[in-house]
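Me: I would like to go through this model carefully, asking at each step what a term rests on. Please set each value against its definition before you conclude.

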Amino acid sequence: MEGITLPLYDLFDRLREHGLPLGISEYIALLRSLQTGIGLSDQDSLRRLCKSLWVSSEEDSVLFDRLFDQVFIQSDRLGSSEESVKSPKESEETAAEAQATGQSDLSAQTPAQVGAARNPSLQVKTGDLSPIVQSIRRGQRNINWDRPKYNLLTEYFPVTHRQMKQSSRYLRRPVREGPAIELDIDATVEKISREGLFREPVLVPRRLNRAELVLLVDQGGSMVPFHALSRQLIDAVHRGGLMQQTNVYYFHDYPAEYLYTDRSRLTARSVLDVFMSFDQYTALLIVSDGGAARGNFDEERVKQTNVFIQKLKQYARRFAWINPLPNFRWPDTSAEQIARNVPMFDMSRRGLDDAINTLRGRYVYGEKSYAWMK
Amino acid sequence: MKRSTPGLTYTGKVQPPIEDFEKHGLYPYLPSDELRDVVNLAIFLEKRPLLIKGDPGSGKTRLAKAVAYELGLPYFAWHIKSTSRARDGLYVYDAVRRLHDAQLIRAGTETPAGNDDIRSYIKMGRLGMAFQSKKRAVVLIDEIDKADIDFPNDLLLELDEQRFVIEETGDEIRAKYPPILIITSNDEKDLPDAFLRRCIFYYIEFPTPAELVNIINAHFVDAPKKLVDASVNRFMQLRDRMDQDKGRAGKKVSTSELLDWFAVLNQYKEDEALAKLNGTLPFAEVLLKRWEDHFRYLQQDVETK
């Protein structure tokens, strides 16, 4: 494959590495557009073209801009903070890339402008066909994204945002409810044979997902390092899930008399009050390290947690516990004792799936769930 | 490389004549240059739907009609409800009516002539109609996020291959021309990755003040310039303040609300309307829809006087 230059392949590849769902056809779509001259008038229009084809959410758009800038390294635009974030390896590569435009073995790293220069078919029609893309008034840079200046890559987490969403979609409780609009064929046939004549069809309500999820999130103290992670999880079940309703409550260390509806734990709601709002479809997911982060054994915490769980069992049929620490960190901490009482899982793809299955009543949690449980 | 659809280029410059505003529900639409380019990209790439997101009232839904109007193409709007199924957009087979008719024929109250054709019980959906259209059609799938999560995925095959089969008759409907598909989403639910991958994505940003002035001028042809400028100014003040308070999260005043608001202001004589704009926010009920907003922004108004 030596000597073949794929324009912007490097950018495409990096986006894929960061988990964007892109396939060959998306790459071909870019090539087709480039060949007719779309997006070739300057860097901003190229950026917009790639973005509209490859990026499908505002979150990804921030990631895209960063990677795009890395590929088109421009010292005047890159702030010093961004420089320091880059790994030494990458800086080397990009530096090498700037000099090595003549060498084809570095082609994967070569920016598209060079690719276009060497690939005549891409260059031919820049002049005549691009009234479409000629004018740019506002650069995308002016957009204020209103988010922190750094990017937290989801890969940093033991489970990605996408995976969280995928897991949470399994939480379904289809129930027939609402107006009767769906035809029940079996019942209709049965009715015709009984009456000897078809008069009207038998209609039943549609299946709706009645699953309701309540998240109890441990906030503050030893959970501080995991706040970003629990925020991701909350967001994933809120927007990715199919639940009819998702409620989030916060607590600190263990839920006592009150749960809080806000992250700073200012607005309180009594535990009993929350429990009373549960119905038979409600599933409850607790997110807490259970004392495993500090690694000590806190008798009071175990005791109070058990009290809470006892109470909970009377109102919620199904519940599970997600621990942001891996399960080998639980032994000899309060988390171990809690895990013997409550189905507790890692914050990993596997753990999340098991937790969701527990909430669906399809996973039997027992003594042998973890190797250290004897 | 030859462009497969010569001549189809959306410029965003052709606007309907003023007498059509009320009569045909046609309104001027002034896209930003970026939006215009993205529309042309969707026209060119053919099989890729254009996914539009943006604040409520930013003109997501109106875009499709504007494109259809300028290019003179047939327009099919498919408004999604929470009960919509993907197949409803392709075709609907009325089994119950057929069964009913069959019963009547058997009972002798109706003659079998003509009524036995299964095809007469099949009704095309919006997308099905667009596939059969003799010209390229513009299809709007409005608020796709309202539907079930599987809805977009159920359309993948039909969009990729531009054909579908009517199961009841075995007929294959093949698109004569790939429709220009514009999909809007309010972002209430995430869409499946497999679907997103195929879309061209665009987020409609809020227009700049200069663009707002143009938009108002396009809608109200002989509006006095002073009044337009003053109301856009006043509107932007409010919006900026909401921006500071709410960030990206809350409901902010939108372009469509500005148009409604201006319509009210424009009823008054120019000097009268200008005087109103100088006092507390006039006709606040058009712009502020929540009690908190009412309280906060009108209160501040009074305090700053």
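Me: Which residue stands opposite A:Arg318 in strand 8 of chain A?

Reply: A:Ala283 stands opposite A:Arg318. This is a predicted model, in which local features need pLDDT of at least 70, side-chain atom pairs count only at pLDDT 80 or more, and totals for chains, interfaces and linings use all residues. Residues are numbered from 1 along each chain as its sequence is written, while chains are lettered from A and ligands numbered from 1 in the order in which they are written.

Me: What makes strand 7 and strand 8 of chain A a pair?

Reply: Two strands pair if DSSP finds at least two bridges between them; strand 7 (residues 282-287) and strand 8 of chain A have 5 bridges, in the parallel sense, and therefore count as paired. Strands themselves are DSSP runs of E with at least two residues, whereas helices are runs of H or I with at least four, both numbered from the N terminus. Strand 8 of chain A also pairs in the parallel sense with strand 9 (residues 344-346) of chain A, over 3 bridges, and in that strand A:Asp346 is the bridge partner of A:Asn323.

Me: Why is strand 8 of chain A called mostly covered?

Reply: A residue is buried if 20 or more other C-beta atoms, placed from the backbone, lie within 10 Å of its own, exposed if 12 or fewer do, and partly exposed in between. In strand 8 (residues 318-323) of chain A, 5 of the 6 residues are buried, so the strand is called mostly covered.

Me: What makes the β-α-β unit of strand 7, helix 13 and strand 8 of chain A right-handed?

Reply: A crossover is right-handed if, with the strands pointing away from the viewer, the path from the first strand over the helix to the second runs clockwise. Strand 7, helix 13 (residues 299-313) and strand 8 of chain A make a unit of this hand, and strand 8, helix 14 (residues 334-339) and strand 9 of chain A make a right-handed unit as well.

Me: Which residues of helix 1 of chain A are buried, and which helices do they pack against?

Reply: In helix 1 (residues 9-17) of chain A, the buried residues are A:Asp10, A:Leu11, A:Phe12 and A:Leu15, and they pack against helix 2 (24-35), helix 3 (43-54) and helix 4 (58-71) of chain A. The helix is followed by A:Gly19, whose phi is positive, near 90 degrees.

Me: Why are strand 2 and strand 9 of chain B called edge strands?

Reply: In chain B, 5 strands form an open sheet in the order 2-5-8-1-9, with parallel pairing. Strand 2 (75-79) and strand 9 of chain B each pair on one side only. For strand 9 of chain B, 5 bridges join it to strand 1 (residues 50-54), which runs parallel, with B:Leu51 opposite B:Phe201.

Me: How many residues does each chain bring to the contact between the chains?

Reply: Chain B gives 32 residues and chain A gives 34, where two residues are in contact if their C-beta atoms, placed from the backbone, lie within 7 Å. Helix 2 of chain B supplies the largest share of the chain B side, 8 residues.

Me: How confident is the predictor in chain A?

Reply: The pLDDT, which is the predictor's confidence in each residue from 0 to 100, averages 75 in chain A, and 75% of the residues score at least 70. Over residues 74-148 of chain A, however, the pLDDT is below 50.
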